[in-house]
Amino acid sequence: MSKCKTSPEVGGMGHSIKRKEDPRFIRGQGNYVDDVVRPGMVFMDIVRSPYAHAKIKSINTEKALAHPGVAAVITGETLKEYNLHMMPTLMSDTQMVLPIDKVCYQAQEVAAVVATDRYSAADGVELVEVEYEPLPVVVDPHKATEPDAPIIRDDKEGQENNHIFHWEAGDKAETEEIFNNADVTVKEDIYLPRIHVASIETCGCISEFDSVTGRLTVWLTTQAPHAIRTVVALVAGHVGLQEDKIRIISPDIGGGFGGKVPVYPGYVIAIAASVVTGLPIKWIEDRRENLQADSFARDYHMTCEIAADKDGTLNGLRIKTLADHGYADAAANPSKFPAGMFSICTGSYDFKKAFVEVDGVYTNKPPGGIAYRCSFRVTEAVHAIERMVDVVADEIGMDAAEIRMNNFIPKDAFPYQSPMGWEYDSGDYHGALKLAMDKIGYDELLKEQAEKREKGELMGIGISSFTEVVGAGPSKDFDILGIKMFDSSEIRIHPTGKVIARFGTKSQGQGHETTYAQIIAEELGIPHSDVTVEEGDTDTAPYGLGTYASRSTPTAGAAAAVACRKIKDKSQKIAAHLLEVAEEDLEWEVGKFSVKGVPDKSVTIQEVAFAAYTNHPQGLEAGLEATHYYDPPNMTYPFGSYIAVVDIDPDTGEVKIRRFVAIDDCGNIINPMIVEGQIHGGLTQGLAPALFEEISYDDEGNITGGSFMEYLVPTAVETPHWETDKTITPSPHHPLGAKGVGESPTVGAPPAIANAVVDALSHLGVRHIDIPITPEKVWRAIHKQNAA
Amino acid sequence: MKVEISKTFSIRAPVSKVWGLMTDVKKVSSCIPGAQYEQDMGDNKHSVMMVVKVGPIKSSYRGEVSIRSMDQENHIIEIDGKGTDTKGKGGATMELVGSITDKGDGTSEVKGDSTITIQGMLAQFGSRMIEDVSNQLFLQFTASLAEVLEGNGKNLVNDNQAADALSGVAVALAAIKGVFGRLMDKLKSKKE
């Protein structure tokens, strides 16, 4: 969008309005779950398993109960009395809330202690004595599929192995045909390791049951409050918690990134405990619990193959994946997509045929996996395809930019039908890569690299030209536990022209209070500063599926635009009444209706609002408000091209990112500053798994990356300077032409960095290194090749 | 996590005397810092308590030590140990092969190869320190052993001293020294 329709004071789309939420955040005046204090509140802490797989022989609560501050110790047996010891996952699997007879991963919840203060709760946890009998542990998902592997889910009837699901997409036979007749085929095993969102705020809740009214209020760290309310009603309806008696409040959230979509056992225990005791119960995880027990992301073992012509034309793609889901399939995918949107793996390229299959397996690790700043397995898909395109280029000796340019879906081919069945709405992949190459000085870099190689210096250039699929999603395909993935907006204009707008989504730092206000400013011409945005309270906000998978702008943002248009339609009737002309004689320019040809004769939207309550035309309903539930006709397809330049120290294997240029195209932009902020944050969260982060386990299932000592989250010190720019290709079907942006950089950055490192070492025969690319891995790659 | 520890040391005592002590679980336990012999369970099995403090984590293991095989002629002994934390915070198993050889001049060489598998809290948080802690335990063990064997066994039944948990501060200091020692070695070798 080149020009803004509105003035900076009105602040519609395209204005970099400062975020309305920031004054309270930067002053430490946010209101997070742990800030909430209720009268008579007690505290809960959780006993966790030291074993990855063990029988529970006994739980002795005597000493804990003798502690003066301890009020209760809750075990699986306690919950079983209410049939709450098990719960369903979002993927229709089951998961223990508290165990009865065995534990299946280290840090699993074993019992909960409720005490009068947080310290006594922790002391009580120390005093609970649990006797275990260790069982054989399955850590490696490949070993989990072996016939003699111990069966982890022996609690599930008919479960005779560790296999969860098989899913496939594309055409197997036709893809095989292409491979059989290919000039060139390449194959690579690519592992995307288990990582954690590591949001600054951990998870937790305050559950308060009012035994007089029978109402349950839960302040909860959740990205999807409405869905949680329905889940609680479905799980606990039998103990009297019907949906009208449940209120979920999601206050300020300190980072979600998908990690605050699932229902964790701690929430259920706290809810059960407050219903039984009638007391408000606060439970907040500590950092270790958060990293060790909460849902992880990725953990995809992918075997990737491409069939190509000698000239580098990409024809066929095949990926076989083993998905490690841990103890339960607790992924947060839409129901029909057990492997999420993984079939977007043909990416930005015009493949003829493709076939993917994913097998989910159980292991003795925490259950998952969630879509960490990624629209359901898009990160996995993009990493696979962007790495593999480089592998093909390496095989045939072609430049990484050239092979991409030659295979991109052309601009005029949109809407484009992918061999996997997706209809890409719009794109200009050549334009984005061209801009990235110009900006970074690609040809110069190639020359520099050649010179450096002569001198034995290691420098690499890596490209990632990703395509995302976000904004889930159209109701015909997308639901979670049967609930369609629409989202909603309810807008009320007060008599004085001020606005309250409520949404089914929930900001966790995305700046919804600002961007939604800007959408309303754009549509109605009401200044953004006159709009109050509210989300997260299920008693007041309209129903929606929440914020994740870059869906807020594509769904709730669109809902706001449509609701505004309903308001505008009604406003036009009121304006006609005020100006005493026919409706069709009026024309709209931002913020006012005027009589065609008589520009002086006009009324502002604020005047219309006042009239809606004071002087509305007879026969027309009073008031000025609208609600819309937006069911998107298609997904949106943001894209971009990133180029990373790295220098590697051959002695230590240390990778230094010298430059990183990110060109993003998220369609029309609502707030350029917020988009840029999202890209900076997302790139840093893409850098993290590329070079640093991994939750690792030893052979006994002990977590060896379970604290910030071992789990290396990049700080400002490790983060390079990001150079961002954009192209704009509006979505043809979204009411604002917007696409969603929060996740593109997290998805696009890891392969750019990995490709740059591999490029730096390619002349040594290195073709692939799994992320995180630690100095050790680089050093070993250099030396193994040198020795050979 | 799995830790493999191999140690060799010499002691000024004849093989028969060392063998006699090393095959007596009760006597050997008295030389291990933090260990307390509990009872003979028969069938070459013994119950032992062991307190180890690694960094902030103090673990009490109630364990069972069993002698799997004993080669009297060649002085080779195989010992299995397994223990669980008394508070349910984890557990450990150990397989040890020990041998004693006569070095002439009245000294014996004791060689021990052990594989220790650790589960639980200690494995999570102590992984970087376990090697240093083991070294420290070992040093204290050989010192006690030497005192017992070379000092005519006068401290053989001084359970109190031996049964004290290895002090966290002492281990931490020793571990820090260990790390610095290795750093200094590296620096030295780089200079050379």
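**Salt bridges, core packing and the A–B interface**

A:D477 has a relative accessible area of 30% and is partly exposed, a class that lies between buried (under 20% relative accessible area) and exposed (over 50%), with a 1.4 Å probe and protein chains only. The model is predicted, so local features need pLDDT of at least 70 and side-chain atom pairs pLDDT 80 or more, whereas totals for chains, interfaces and linings use all residues. Residues are numbered from 1 along each chain as its sequence is written, chains are lettered from A and ligands numbered from 1 in the order in which they are written, and side-chain values use heavy atoms, without hydrogens and water.

The side chain of A:D477 meets that of A:K476 in a salt bridge at 3.6 Å, N to O; the term denotes a side-chain nitrogen of Lys or Arg within 4 Å of a carboxyl oxygen of Asp or Glu. A:K476 counts as exposed, at 59% relative accessibility. Over all chains, the structure holds 54 salt bridges. One of these joins the side chains of A:R24 and A:D252 at 2.7 Å, N to O. A:R24 belongs to helix α1 (residues 22-26) of chain A and A:D252 to the loop between β13 (246-249) and α8 (265-277), so the pair ties together parts 228 residues apart in sequence. Helices (H or I, at least four residues) and strands (E, at least two) are DSSP runs, numbered from the N terminus. A:R24 is partly exposed at 23% relative accessibility, while A:D252 is buried at 11%.

A further salt bridge is formed by A:R38 and A:E208, with the closest N and O atoms 2.5 Å apart. Here A:R38 lies in the loop between α1 and β1 (42-48) of chain A and A:E208 in strand β11 (residues 204-210), so parts 170 residues apart in sequence are tied together. The relative accessibility of A:R38 is 28%, and A:R38 therefore counts as partly exposed. A network of salt bridges links A:D93, A:R153, A:D155 and A:K156.

The largest nonpolar core has 135 residues, and those with the most contacts inside it include A:F660 and A:L761. Such a core is a set of buried Ala, Val, Leu, Ile, Met, Phe, Trp, Tyr and Cys residues joined through side-chain atoms within 4.5 Å. Beyond four places in sequence, A:F660 touches residues including A:Y642, A:A644, A:W722 and A:I753, where contact means heavy atoms within 4.5 Å. A:A756, in helix α18 (residues 744-761) of chain A, counts as buried at 0% relative accessibility. Under the sequence exclusion of up to four places, A:A756 touches A:G460, A:I461, A:G462, A:A644 and A:V646. The C-alpha atoms of A:A756 and A:S464 are separated by 9.6 Å, the two residues being 292 apart along the chain.

Chain B contains six helices and seven strands, and 42% of its 192 residues count as buried. Chain A and chain B bury about 1,500 Å² between them, 44% of it on carbon and sulfur atoms; buried area is the accessible area (1.4 Å probe) that two parts lose on being put together, summed over both. A:Y51, A:E126 and A:E700 supply 32% of the area that chain A buries against chain B, more than any other three residues. The contact takes 19 residues from chain A and 17 residues from chain B. One salt bridge is counted between the two chains, and the side chains of A:E700 and B:K2 meet in a salt bridge at 3.4 Å, N to O.
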